[in-house]
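Work through the exercises below with the coordinates open. Try each task before reading its solution.

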Amino acid sequence: MTIFARRARASAGRMHPELSLVSYTLLGHLEEQGGCRATDLAAHYALDKSTVSRQVAALERAGLIERRLDPEDHRVQVLHLTEAGREILAQVTRSRRAAFRVRLAGWPEVDLVRFAAYLERYNADPGETGAD
């Protein structure tokens, strides 16, 4: 798992100097959710608010995200990807998928299916699987 995480961090970093694995993950979440508050990011990933704040500041400086007022509550700022953020996220995603295809190219279909099932199981919410 450590090697897997290191490869993911290195891949993200090669695509953009400001893009750590955490940053890549946060960008992906913002894309999936269509934007959210920094406190929502911290809660979702069980990260300290100061950690998220530093990551958000770096992503803003890099021009990858922007803050917008929540149309329903103007006291709240919602984080959204910029066009540059979408482009960087898409580039990193394509690069990661290509790397996965290369690494898995020689695997038999049965192993790919089993591996995918194990990854889904590993990434599932423990409440969904009945595990502790």
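**Exercise 1: helix 2 against helix 3**

Helix 2 passes helix 3 in a right-handed crossing (right-handed if the near helix is turned clockwise from the far one by less than a right angle, left-handed if anticlockwise). Helices (H or I, at least four residues) and strands (E, at least two) are DSSP runs, numbered from the N terminus. The model is predicted: local features need pLDDT of at least 70, side-chain atom pairs count only at pLDDT 80 or more, and totals for chains, interfaces and linings use all residues. Residues are numbered from 1 along each chain as its sequence is written, and side-chain values use heavy atoms, with hydrogens and water left out.

Task: describe the geometry and the contact of helix 2 with helix 3.

Solution. 
1. The axes of helix 2 and helix 3 come within 11 Å and cross at roughly 115°.
2. Classify the angle. Helix 2 and helix 3 are therefore roughly perpendicular (65 to 115 degrees; under 35 is roughly parallel, over 145 roughly antiparallel, the rest oblique).
3. List the contact (heavy atoms within 4.5 Å). Helix 2 brings Thr 25, Leu 26, His 29 and Leu 30; helix 3 brings Leu 41, His 44 and Tyr 45.
4. Sort by class. The contact has 4 nonpolar, 3 polar and no charged residues. Here Ala, Val, Leu, Ile, Met, Phe, Trp, Tyr, Cys and Pro count as nonpolar, Asp, Glu, Lys and Arg as charged, and the others, Gly among them, as polar.

**Exercise 2: helix 2 against helix 5**

Task: repeat the analysis for helix 2 and helix 5.

Solution. 
1. The two axes come within 10 Å and cross at roughly 110°.
2. Helix 2 is therefore roughly perpendicular to helix 5.
3. Helix 2 passes helix 5 in a left-handed crossing.
4. Tyr 24, Leu 27, Gly 28 and Glu 31 of helix 2 meet Leu 89, Val 92, Thr 93 and Arg 96 of helix 5.
5. By class, this contact of helix 2 with helix 5 has 4 nonpolar, 2 polar and 2 charged residues.

**Exercise 3: His 29**

Task: is His 29 buried or exposed, and which residues does His 29 touch?

Solution. 
1. Locate His 29: helix 2, residues 21–33.
2. Check accessibility. His 29 counts as buried because its relative accessibility is 7% (buried is under 20% relative accessible area, exposed over 50%, partly exposed in between; 1.4 Å probe, protein chains only).
3. Leave out residues up to four places away in sequence; His 29 then touches Cys 36, Leu 41, His 44 and Tyr 45.

Technical notes. Axes are lines fitted to C-alpha atoms, for helices over the stretch in contact, and angles run from 0 to 180 degrees between N-to-C directions.
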